[in-house]
Amino acid sequence: MLRQFSRSATVLSRNLAHSRRSLSSTSRLFADPWPLPHTPEHMASTTTPSDVEPPAPLPRPNETVETLRARLVYQSRKRGTLESDLLLSTFARDQLSTMTQEEMMEYDKLLDEPDWDIYYWATSKRAPPERWANSPLLEKLRVHARNEGKVVRKMPAL
């Protein structure tokens with residue numbers, strides 16, 4: 001009986017060792033589905049192809065300046081990624097009140113771009129496409145993203 005128990009324990013320990021090996025090798029078989037920002041994997045997976053045209057903005061006839069400003073505040077905060085939410089919501093809080101209607105329309109077009117593109121353009125991790133290369137609005141966003149005053153930022157209240 002003791003011999004049979006000993007054999008069972010040996011087989012069990014071999015099976016455990018084998019299963020540990022197979023578990024440890026799974027990381028080599030599958031790529032991380034959520035790579036960290038700024039890693040090469042993330043940069044490659046968030047690159048927007050250059051031949052893709054930006055989406056056409058929705059026509060909003062009769063939209064007042066106050067409604068436009070309120071919509072931009074909301075769209076700046078509810079982006080889908082925390083990084084973009086924080087960057088754009090604090091930018092909107094600080095800048096929208098002084099923007100002209102033309103600047104707000106340009107900001108509206110910028111918000112139609114993919115989140116990660118806006119984030120990487122603002123942090124100068126990627127060069128923006130030609131349509132945004134010389135934009136004064138994007139330059140204001142870059143200054144805001146640099147945070148030269150080292151302000152602790154948090155999501156503004158809605």
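The buried residues of helix 8 are covered by elements that include helix 4 (82-95), helix 5 (101-111), helix 6 (115-122) and helix 7 (130-133). The model before you is predicted: local features need pLDDT of at least 70, side-chain atom pairs count only at pLDDT 80 or more, and totals for chains, interfaces and linings use all residues. Residues are numbered from 1 along each chain as its sequence is written, and side-chain values use heavy atoms, with hydrogens and water left out.

A few terms come first. Helices (H or I, at least four residues) and strands (E, at least two) are DSSP runs numbered from the N terminus. Buried means under 20% relative accessible area, exposed over 50%, and partly exposed in between, with a 1.4 Å probe and protein chains only. Contact means heavy atoms within 4.5 Å.

With those terms, the protein has eight helices and zero strands, and from the N terminus on its elements run α-α-α-α-α-α-α-α. Buried residues make up 28% of the 158 residues. Of the contacts with a separation of 6 or more, 63% are between residues 24 or more positions apart.

I return to helix 8. Which residues of helix 8 are buried? They are Leu 137, Leu 138, Leu 141, Arg 142 and His 144. Seen down the axis of helix 8, these buried residues fall within an arc of 160 degrees, so they line one face of the helix. The arc is that of the directions from the helix axis to the C-beta atoms.

The two ends of helix 8 deserve a look. At its start, a side-chain oxygen of Ser 135 reaches to within 3.2 Å of the backbone nitrogen of Leu 137. Just after helix 8, Asn 147 takes a positive phi of about 50 degrees.

Within helix 8, which spans residues 136-146, we find His 144. His 144 counts as buried because its relative accessibility is 7%. Its side chain reaches the backbone nitrogen of Phe 91 at 3.2 Å. A polar contact, for reference, is a pair of N or O atoms within 3.5 Å; within protein, one must be able to donate a hydrogen and the other to accept it, and residues adjacent in sequence count only if both atoms are side-chain atoms. Leaving aside neighbours within four places in sequence, His 144 is in contact with Leu 87, Thr 90, Phe 91, Asp 94 and Arg 153.

Next, the packing of helix 6 on helix 8. The two pack at an angle of about 75 degrees, with their axes 8 Å apart. Axes are lines fitted to C-alpha atoms, for helices over the stretch in contact, and angles run from 0 to 180 degrees between N-to-C directions. The angle makes helix 6 roughly perpendicular to helix 8, a label that covers 65 to 115 degrees; under 35 counts as roughly parallel, over 145 as roughly antiparallel, and the rest as oblique. Helix 6 contributes Ile 118, Trp 121 and Ala 122 to the contact, and helix 8 contributes Leu 138, Leu 141, Arg 142 and Ala 145. These residues divide into six nonpolar, no polar and one charged. Here Ala, Val, Leu, Ile, Met, Phe, Trp, Tyr, Cys and Pro count as nonpolar, Asp, Glu, Lys and Arg as charged, and the others, Gly among them, as polar.

Helix 5 also has a buried set: Met 104, Tyr 107, Asp 108, Leu 110 and Leu 111. They cover an arc of only 160 degrees around the axis, which puts them on the same side of helix 5. These buried residues pack against helix 3, helix 4, helix 6, helix 7 and helix 8.

From helix 3 (residues 65-77) I take Gln 75. Gln 75 is partly exposed, with a relative accessible area of 23%. Not counting residues up to four places away in sequence, Gln 75 touches Arg 60, Asp 108 and Leu 111.

Finally, the backbone angles. Most residues other than glycine have a negative phi. Where does Asn 62 lie? Asn 62 is in the loop between helix 2 (40-45) and helix 3. Although Asn 62 is not a glycine, it has a positive phi of about 70 degrees; at 78% relative accessibility, it counts as exposed. Lys 150, in the segment after helix 8, has a positive phi near 55 degrees. Is Lys 150 buried or exposed? Lys 150 counts as exposed, at 66% relative accessibility.
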